[in-house]
Amino acid sequence: LKFIEHFNERKRAISDKIHLNFRSKNIWVASSTHDKEEIFCAKTHIILKKKYKNLTTIIIPRHINRVKEIVSEIKKLNLEIELHSKPKKGLKNADIYIVDTFGETKKFFNISPTVFLGGSIARKGGQNPLEAARYGAKILHGPNIDNFKDVYGLLNSLNISKKIKSPKELASSI
């Protein structure tokens, strides 16, 4: 189904509220992240924040039942966290914005120029990059993409995707 999604789906994914909330921010998305990849992305955020002061990293975990654990780990890095389902402080000081709801990934792909796809550092075989690519995002991924090797090969040949191995490499690619 990901191969045949119609272009008009992109228009349906636009959320004015989400777009307005993030329009004054520098953002990037880490989607379908697995255990340890959220910390990998939080470390990337710390590197990027030295250069981009108005930065929010949007993390969309593959399994939202892990959100409490993710929040606990990221707080150890002294980063401000907002949850999509329970916004409290607003985005002004949010370092990490965690999407802890289902079915909203496309809305975030639609507003982000860069998407890191999880499961590729954590050795889960990677996640399907087609949706993010369809929304015009630059795709970044780790070395473990066996589940979608052919798709990533095509995207790489078109200069749409890039393999990274460290938070520093991810930061410089963003």
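Where does N159 lie in this predicted model? Let's find out, one close-up at a time. This is a predicted model, in which local features need pLDDT of at least 70, side-chain atom pairs count only at pLDDT 80 or more, and totals for chains, interfaces and linings use all residues. Residues are numbered from 1 along each chain as its sequence is written, and side-chain values use heavy atoms, with hydrogens and water left out.

**View 1. N159 in its loop.** N159 sits in the loop between α7 (149-157) and β7 (161-163). Helices (H or I, at least four residues) and strands (E, at least two) are DSSP runs, numbered from the N terminus. N159 is not a glycine, yet its phi is positive, near 65°. Most residues other than glycine have a negative phi. With 70% relative accessibility, N159 counts as exposed. Here, exposed means over 50% relative accessible area, buried under 20%, and partly exposed in between (1.4 Å probe, protein chains only).

**View 2. R123, another positive phi.** Look for R123 in the loop between β5 (114-117) and α6 (130-134). Although R123 is not a glycine, its phi is positive, at about 60°. R123 is exposed, and its relative accessible area is 70%.

**View 3. V151 in helix α7.** V151 belongs to helix α7. Is V151 buried or exposed? V151 is buried, because its relative accessible area is 14%. V71 is 80 residues from V151 along the chain, and their C-alpha atoms are separated by 32 Å.

**View 4. K88 and its loop.** K88 can be found in the loop between β3 (81-83) and β4 (96-98). K88 is exposed, as its relative accessible area is 72%.
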